Amino acid sequence: MGIRINRVAVLGAGVMGQGIAAHLANAGIPSYLFDVAPKELTDAERQKGLTLEDRAVRNRIADAGWKAMTKAKPALLYRKDLAKLVTPCNYEDDLEKLGEVDWIVEVVVERLDIKQRVFAMIDDIRRPGTIVSSNTSGLSVAKMAEGRSDDFRRHFMVTHFFNPVRYMRLLEMVPHADTDPGLFAAMAEFGEHVLGKGVVFAKDTPNFIANRIGTFGMASVFHWMREFDMGVTETDKIFGPAMGRPKSAVFRTADVVGLDTLAHVMTTVAESCPDDPWRDRFVVPDFLKTMIERGLLGEKAGAGFYKKAKDEQGKRVILALNLDTLEYEEQPKVRFDSIGAARSLDTPQEKVRTMVWSDDAAGRFAWKVTAETCIYSAQLLGTIADDIVNVDRALRWGFNYDLGPFETWDAIGVAESVERMRAEGMPVPEVVDVFLAKGEGSWYLRKDGQLHFWDVVAEQYRPVPGLEGIITIADLADKVMERNEGATLYDMGDGVGLVEFHTKMNSIDAQIIEMINTACDYVERGELVGLVVGNEAANFSVGANIGLVGMLAMSEMWDELNDAVAGIQNAYMRMKYCTGPVVVAPRGMALGGGCEAVMHGASVRAAAETYMGLVELGVGLIPAGGGCKEMAFRHYGAVPPGVKADLFPFMEKVFTVIGMGKVSTSAEEARELGFLRATDKITLNPDYVLAQAKQDVLAMVETGYKPPIPMTVRVPGSDGIAALKIAAHTMREGHYISEYDEFLAKKLAYVICGGEVPQGTERTEQEFLDLEREAFVELCHEPKTIERIQHMLATGKPLRN
């Protein structure tokens with residue numbers, strides 16, 4: 001059963017309502033953003049002579065929500081102009097619009113009585129067949145729909161988005177007992193494929209899955225941190241990246257969520273789940289109650305477990321709360337052998353195993369919380385979810401953990417950890433004993449090339465659901481065609497190869513370039529029909545290996561440096577002119593040389609959350625892997641043949657985008673900046689990017705793909721260089737850029753204008769590549785460029801010298 005949702009009504013213009021409306025806009029779906037009409041005028045409205053009957057007054061709250069949506073940081077919208085798809089409304093004047101929409105999503109205050117009143121109102125005005133859902137984070141689906149019509153209940157469900165909606169993958173879905181199963185499945189498909197969400201199916205229990213397990217983990221931290229004499233800073237260092245979790249860890253996450261919200265979630269379990277085996281852990285601790293009483297609610301209040309301040313020198317610092325004195329203090333330096341060991345490892349499985357089996361205080365603390373969370377997750381199987389897959393996905397997608405509880409259990413070793421749990425008097429659930437007796441020692445395993453999970457109900461392994469149409473690197477493990485230290489060429493099937501980078505941060509080096517050339521050889525010999533260039537890493541590629549560039553420059557190995565740059569240029573040009581289509585599939589950051597790799601594909605299949613930019617000026621260089629060339633050709637080449645257009649506006653955009661090191665905040669914005677073309681494709685759900693890129697290759701082959709015909713472009717030449725030099729000097733005089741920045745700007749101007757030639761001169765791609773490479777090598781002779789490279793390598797931040 002497929003569904004088509006053309007317009008949505010979002011009821012509630014608060015933070016969550018704004019986020020849902022914005023993400024619908026990201027997916028191209030218009031919505032009405034509703035809120036109440038005010039009952040009183042503000043002083044500003046009175047001064048303007050407005051009354052309660054004026055539309056500006058009646059829409060004030062919804063308008064304020066719309067404006068907040070457009071200004072949110074980080075951005076909720078992929079592009080600013082998508083805001084026009086969201087229309088602010090109020091319940092009194094616009095209620096009839098609920099009869100126009102295909103889906104009504106309720107996002108009002110988390111109180112059952114208020115939600116029930118809202119649903120009664122909706123029931124009276126909605127069209128039969130209109131989908132209605134609640135964004136509740138844990139209220140009962142059955143109670144919310146009490147007294148509603150049969151048609152309402154058949155079309156009612158929970159769609160619980162996580163905040164911020166754009167960035168958090170998780171969408172928890174819970175049906176009513178009367179929900180049409182076909183409709184529920186269709187909405188899950190809509191959430192996954194149209195909105196790009198990771199859908200998890202939960203049962204009608206308080207706080208569903210993610211908040212139930214995630215909050216228990218926090219409660220376990222609160223319980224054990226005193227025994228191990230850990231403060232806020234130490235705890236976050238332990239339960240952050242060292243454990244395969246976000247830097248926000250425990251207390252920073254609590255500050256973002258809001259301490260009042262955290263306390264509400266804990267209280268909901270404590271009061272609504274009298275039979276919960278760990279109910280006492282959900283009692284709000286005294287320090288948290290006191291903080292809430294004092295208004296220390298976290299980020300929204302400017303202070304929570306952390307507070308931004310300035311030291312005696314006026315430098316910004318972040319202070320941490322001492323939970324004994326409830327006073328803010330300077331954060332201590334945190335050093336534990338376990339954390340140091342974990343940080344040196346590559347995979348989250350290695351990290352978490354190292355942490356929990358370490359015998360220092362941090363390791364023992366990590367063990368206690370991890371063990372209890374695993375046990376609790378197993379105890380609730382069948383209560384909050386039917387299987388381990390939904391539990392693991394909920395924690396990964398809702399809390400940004402690298403591993404869910406059962407994936408973590410596999411990483412630390414189920415049998416040996418259970419032995420330790422029993423030795424320490426922890427209650428091991430019967431379901432775990434059955435698994436150890438009948439399973440193969442791991443909650444997940446791969447059989448016949450397919451990932452399986454232990455089904456605790458059937459007591460056997462079953463294929464992991466929801467992987468249909470998805471291609472993962474693990475699926476291709478036995479299909480390696482070529483491999484070196486920096487990259488691998490896989491056979492994706494149907495004659496399509498996949499080039500996967502796996503250097504540190506996927507930085508472009510000689511091994512990656514070698515593999516690109518090897519892959520193109522396969523295509524040109526007819527052994528493959530085309531290629532996908534992509535990976536599953538957090539970032540597609542952060543750029544060329546700047547450490548190697550610095551080493552060659554400091555060693556004055558100029559010929560080797562020139563050859564290395566030429567090697568990158570030639571490999572990218574082979575991608576562009578390969579006899580079979582090369583589709584590049586980026587996600588996360590694609591910066592510098594990574595951005596240039598993307599720009600040389602025959603087509604691009606980008607994840608929506610792709611952040612592209614040519615950022616080389618930050619280290620005193622210019623793009624030299626064809627980035628300047630591609631930007632010039634895309635902009636100057638946009639002028640139709642025979643049309644005498646002014647090239648300067650195109651030149652100014654290219655200069656601004658590269659010179660300011662602009663990085664897109666989304667794949668859509670990358671299109672606006674010129675890094676992606678109008679024909680390049682964007683996928684909201686990153687899990688499908690590789691598979692869809694493969695289908696793009698096959699579709700291009702099927703329609704008779706031919707590589708592009710080399711072209712030339714007219715360039716601004718000397719006139720453009722002169723204009724940009726004046727602009728750069730003006731910025732220097734105004735103290736907007738440094739003297740060296742002005743020098744770099746002039747170098748950039750020379751390249752993007754096609755060199756010192758008359759305006760209108762035709763330039764080839766190779767001529768642009770030569771200009772790029774020569775300027776790049778020349779800049780490597782400059783001491784200030786070397787200084788910038790060294791600073792970037794040491795700090796990870798650009799230097800403005």
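Me: What makes the crossing of α22 and α24 left-handed?
Reply: A crossing is left-handed if the near helix is turned anticlockwise from the far one by less than a right angle, and right-handed if clockwise. α22 passes α24 in the left-handed way. This is a predicted model: local features need pLDDT of at least 70, side-chain atom pairs count only at pLDDT 80 or more, and totals for chains, interfaces and linings use all residues. Residues are numbered from 1 along each chain as its sequence is written, and side-chain values use heavy atoms, with hydrogens and water left out.

Me: Why is α22 called roughly parallel to α24?
Reply: The two helices pack at an angle of about 30 degrees, with axes 9 Å apart. Angles under 35 degrees count as roughly parallel, over 145 as roughly antiparallel, 65 to 115 as roughly perpendicular and the rest as oblique. So α22 is roughly parallel to α24. Axes are lines fitted to C-alpha atoms, for helices over the stretch in contact, and angles run from 0 to 180 degrees between N-to-C directions.

Me: Which residues make the contact of α22 and α24?
Reply: Contact means heavy atoms within 4.5 Å. α22 brings residues including Ile513, Ile516 and Cys520. α24 brings, among them, Ile568, Ala571 and Met575. The contact residues divide into seven nonpolar, two polar and three charged. Here Ala, Val, Leu, Ile, Met, Phe, Trp, Tyr, Cys and Pro count as nonpolar, Asp, Glu, Lys and Arg as charged, and the others, Gly among them, as polar.

Me: How do you know that β13 and β14 pair?
Reply: Two strands pair if DSSP finds at least two bridges between them. β13 (residues 450-455) and β14 (residues 460-463) have four, in the antiparallel sense. So they meet the rule of at least two bridges. Trp454 has Tyr461 in β14 as its bridge partner. Helices (H or I, at least four residues) and strands (E, at least two) are DSSP runs, numbered from the N terminus.

Me: Why do β15 and β23 stand at the edges of their sheet?
Reply: The open sheet has seven strands, in the order β15-β16-β17-β18-β19-β21-β23, with mixed pairing. β15 and β23 each have a single partner strand, so one side of each is left without a neighbour in the sheet. β23 pairs with β21 in the parallel sense over three bridges.

Me: What makes Phe216 and Trp278 an edge-to-face pair?
Reply: Rings of Phe, Tyr and Trp (its six-membered ring) pair if their centres lie within 6.5 Å; planes under 30 degrees apart count as stacked, over 60 as edge-to-face and the rest as tilted. Phe216 and Trp278 show 5.5 Å centre to centre and 75 degrees between the planes. So the pair is edge-to-face.
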